[in-house]
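Thank you all for coming. I would like to walk you through one structure, slowly, and I ask you to keep it in view while I talk.

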Amino acid sequence: MTTAHGNLSGNQRRKMKSAARLYAVQALFQMEHSGQTVEAVRREFLDHRFGAVYEGSEMLDGDMDLFADVLDQAVNHQAAIDQMTDRALVAKWPIARIDPTLRALFRAAGAELQAKDAPPKVVITEYVDVARAFFPDGKEPRFVNAVIDHMAREAQPDAF
């Protein structure tokens with residue numbers, strides 16, 4: 001069986017999945033901020049972001065399938081994912097009051113938890129890493145870890 005990623009190492013595939021998750025959070029944020037459709041944002045990311053060169057360093061190509069799947073799942077199931085996030089927000093803040101970047105991150109993570117393609121522990125670790133990329137000095141990664149852990153236990157209780 002050969003795939004488009006057939007000749008990549010496991011480490012390269014992991015990096016592409018991580019990049020796709022980061023892009024998905026950025027795309028969901030952009031959609032909410034700009035009011036653009038999922039199709040318009042997906043096209044922009046696939047045409048201009050994946051593999052683009054910024055300040056002389058090439059951006060990592062993301063896993064385009066994972067990117068598209070997370071985006072579609074997050075958009076098509078946003079209400080259910082937001083409700084799951086609301087239940088996980090231990091501070092009892094409605095998701096509407098959460099930082100828009102975190103809101104996009106929770107939607108992307110919730111999409112993956114609902115799709116059940118990746119183990120919940122992988123989803124948690126990956127999105128905590130995304131939070132670190134956006135908030136390198138803040139408390140947000142710990143907050144993200146707690147919220148997504150709660151979401152994962154609700155979405156996939158058998159995995160714990």
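This is a predicted model: local features need pLDDT of at least 70, side-chain atom pairs count only at pLDDT 80 or more; totals for chains, interfaces and linings use all residues.

Residues are numbered from 1 along each chain as its sequence is written, and side-chain values use heavy atoms, with hydrogens and water left out.

Let us start with helix α7, residues 140–155, whose 16 residues reach 22 Å from first C-alpha to last, close to the 22 Å expected at 1.5 Å a residue; helices here are DSSP runs of H or I, at least four residues, numbered from the N terminus. Its buried residues, meaning those under 20% relative accessible area with a 1.4 Å probe and protein chains only, are P141, V144, V147, I148, M151, A152 and A155. Seen down the axis of α7, these fall within an arc of 140°, taken from the directions from the helix axis to the C-beta atoms, so they line one face of the helix. Among the elements covering them are α4, α5 and α6.

As for F67, its contacts (heavy atoms within 4.5 Å) include A20, Y23, F45 and F50, leaving aside residues up to four places away in sequence.

Finally, V90 sits in the loop between α4 and α5, and it counts as exposed because its relative accessibility is 61%, where exposed means over 50%. V90 lies 57 residues from V147 in sequence, yet their C-alpha atoms are 7.6 Å apart.

Technical notes: Helices (H or I, at least four residues) and strands (E, at least two) are DSSP runs, numbered from the N terminus. The expected span of a helix is 1.5 Å times one less than its number of residues.
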